[in-house]
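Work through the exercises below with the sequence and the model open. Try each task before you read its solution.

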Amino acid sequence: MTDRIARLKASPSVAVKEKLDYPVIDTDIHTNDYSPALEDFVATYGGAKLVDDLRKALSSRRRNAENSSGKDWYSQTPEERQHYRTVRSPWWARVTRNTLDVATYHLPELLAERLEEQGSDYSVLFPNNTLAPLAVKDPGARQALQRAINHYHAELFRKYSDRLTPVAGIPLNTPEEGIEELEFAVKKLGLKAINIAGGVRRPIKAIAEKYPPAHHPEIAKYATYIDFYGIDSEYNYDPFWAKVVELGVPVLTHYGSQGWTGRASISNYMNNHVGHFADGSEAFAKALFFGGVTRRFPGLRIGMLEGGADWGARVYIHLVDRFQKRGPEGLKHYDPAATDRALFTELFRRYGADLAKLANGRSIEGEQLIADTLGAGYTSDARQPAPEYRNDFAAAGIEKIEDIRDRWVNNFFFGSESDDRTIASAFNAKANPLGVKINAIYSSDVGHWDVPDLTEALAESFRLVEEGVLSAEDFKAYVFENPYKLYTEANASFFKGTRVEEKLKRKQAASSAGDERRGPQPGAKGEVLPGKPVEIRA
């Protein structure tokens with residue numbers, strides 16, 4: 001007890017927390033599993049075979065990229081890495097020097113005890129093995145392993161549910177697989193938030209048919225595309241999104257893009273890392289937006305973590321800009337048929353005599369002039385997109401820029417780590433169209449290399465207020481109001497029985513008692529309680 005009190009007094013985040021009159025909700029803490037305990041639990045689901053599947057899945061995730069001879073990055077010479085373009089994978093991604101923190105990420109009881117020291121009232125946990133089953137190819141084994149891991153984490157953290165909740169890993173190779181695991185996780189295990197990969201890699205069928213994977217594994221490795229569950233998906237994922245909304249589940253993802261074009265350095269991890277979560281999440285979010293998912297499911301709430309919030313503001317701004325230029329009205333400026341051929345010819349005759357001489361008698365009239373200036377694709381007989389293919393915003397149902405706000409800003413939440421100064425873009429109502437602020441949410445990423453000391457995270461975030469990067473109002477939105485919206489707009493009872501609910505009730509009681517002593521206060525507003533989403537006005 002003495003040791004704990006000393007740690008609380010020493011924590012800079014505790015000092016910050018004492019200044020706040022609202023809860024702090026951390027949307028992203030990473031924990032590690034104690035392997036013998038996890039394997040023992042998995043064995044009850046499928047015996048030794050399922051444990052072998054788990055070990056293979058974890059091995060495939062840890063193993064660096066291999067070339068065709070099976071040699072990993074460390075076994076290859078620089079020449080081999082260049083020859084095979086073997087991507088440099090992440091390394092030293094976990095905290096080791098801070099031994100107390102290392103133990104904290106493995107021991108639920110210690111984590112629950114130290115949450116106050118970290119400065120949070122409630123945290124959503126992402127055990128590092130949550131989506132390990134995605135590496136299992138056999139659907140039956142993948143389902144069994146996913147259920148075992150979800151069940152293990154549900155039981156492991158259940159006694160600390162007043163302050164901690166683990167996510168359920170949900171595989172989405174098909175919508176049916178996702179629905180089955182979603183219902184099991186929510187209805188049977190009592191889990192209330194899910195973690196998905198932002199996309200699933202699939203073979204390009206035309207190449208797979210020509211070069212069967214069984215005979216050409218090296219070609220199969222690269223002849224793929226990523227299905228982001230929205231636009232151009234091979235499957236209709238609407239039944240899955242409908243089930244998510246029906247069950248009241250917030251969807252969370254850490255979707256990266258290391259290995260993608262521009263992120264495939266064979267020597268430098270940081271080259272591949274900087275911005276990769278933002279790029280991966282952007283691809284996922286745009287697929288849902290342009291595919292009309294957020295139009296069809298306005299109640300869907302999705303948190304995209306570790307990528308920061310500035311990209312959410314940037315894409316929102318670009319969506320508005322592009323709709324104004326390339327929406328149905330804007331496109332009229334670019335229709336090949338809109339060019340006045342007669343006027344164009346007259347202007348060339350009046351001002352282009354010198355150019356016409358260089359054309360050696362070539363006609364400067366009608367379609368010939370169009371072909372020689374704008375290009376053959378703009379002539380009257382050129383093939384043009386059919387009307388149904390001319391509006392890229394049609395599936396999203398965008399008719400005015402307010403629709404973009406409602407289907408981008410309302411549905412998506414953007415996890416920003418404590419040291420991320422780019423968060424200022426999210427709260428820049430002057431730059432963001434319609435004066436809105438993007439839903440930045442506090443995602444400490446405690447448990448990974450960017451947080452060497454868990455007691456520093458909240459204090460580090462608060463320095464943004466001290467330095468004038470964020471206002472006190474925006475900081476409150478960042479660490480409380482926006483996370484609260486994410487979870488309660490999906491499930492009004494998300495915080496029932498938690499320290500968040502308890503703290504809000506205490507505050508309301510104190511406020512009510514003060515009002516009774518002072519008498520009615522004109523214009524006074526009641527405090528927000530769990531079950532009623534926070535209303536944030538731009």
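In strand β10, the bridge partner of methionine 304 is phenylalanine 414. This is a predicted model, where local features need pLDDT of at least 70 and side-chain atom pairs count only at pLDDT 80 or more, while totals for chains, interfaces and linings use all residues. Residues are numbered from 1 along each chain as its sequence is written, and side-chain values use heavy atoms, without hydrogens and water.

**Exercise 1. The sheet**

Task: Find the order of the six strands in the open sheet.

Solution: 
- Start with the terms. Strands (E, at least two residues) and helices (H or I, at least four) are DSSP runs, numbered from the N terminus. Two strands pair if DSSP finds at least two bridges between them.
- Take one pair. β9 (residues 302–304) joins β10 (residues 412–416) through three bridges, in the parallel sense.
- Extend to the whole sheet. The order is β4-β5-β8-β9-β10-β11, with parallel pairing.
- Check the edges. β4 (168–169) and β11 (440–442) each have a single partner strand, so one side of each lacks a neighbour in the sheet.

**Exercise 2. Rings**

Task: Decide how the rings of tryptophan 73 and tyrosine 74 are arranged.

Solution: 
- Apply the rule. Rings of Phe, Tyr and Trp (its six-membered ring) pair if their centres lie within 6.5 Å; planes under 30 degrees apart are stacked, over 60 edge-to-face, the rest tilted. The count is 32 aromatic pairs.
- Read the geometry. Tryptophan 73 and tyrosine 74 are 5.0 Å apart centre to centre, with 80 degrees between the planes: edge-to-face.
- Tryptophan 73 is buried at 8%. Tyrosine 74 is partly exposed at 46%.
- Look for a charge over a ring (NZ of Lys or CZ of Arg within 6 Å of the ring centre and within 35 degrees of the ring normal). The charged end of arginine 81 sits over the ring of tryptophan 73, 3.7 Å from its centre. Arginine 147 lies over the face of phenylalanine 184, at 4.4 Å.

**Exercise 3. The core**

Task: Which residues touch the most other members of the largest nonpolar core?

Solution: 
- Define the core. It is a set of buried Ala, Val, Leu, Ile, Met, Phe, Trp, Tyr and Cys residues joined through side-chain atoms within 4.5 Å.
- Name the residues. Ile194, Phe240, Trp241 and Trp408 touch the most other members, out of 107 residues.
- Follow one of them. Setting aside neighbours within four places in sequence, phenylalanine 240 is in contact (heavy atoms within 4.5 Å) with residues including Ile170, Leu172, Pro175 and Ile194.
- Look beyond this core. Another core of 15 residues lies apart from it; Leu54 and Ala132 are among them.

**Exercise 4. Salt bridges**

Task: Which parts of the chain does the pair of arginine 7 and glutamate 113 tie together?

Solution: 
- Apply the cut-off. A salt bridge is a side-chain nitrogen of Lys or Arg within 4 Å of a carboxyl oxygen of Asp or Glu. The count is 37 salt bridges.
- Confirm the pair. Arginine 7 and glutamate 113 meet at 3.0 Å, N to O.
- Arginine 7 lies in helix α1 (residues 2–10) and glutamate 113 in helix α6 (residues 108–118), so the bridge ties parts 106 residues apart in sequence.
- Compare accessibility. Arginine 7 is buried at 13%. Glutamate 113 is partly exposed at 32%.
- Lysine 17 and aspartate 121 meet at 2.7 Å, N to O. Lysine 17 is in helix α2 (residues 12–17), and aspartate 121 is in the loop between α6 and β2 (122–127), 104 residues apart.

Conventions
Buried < 20%, exposed > 50% of the residue type's maximum accessible area, 1.4 Å probe, protein only.
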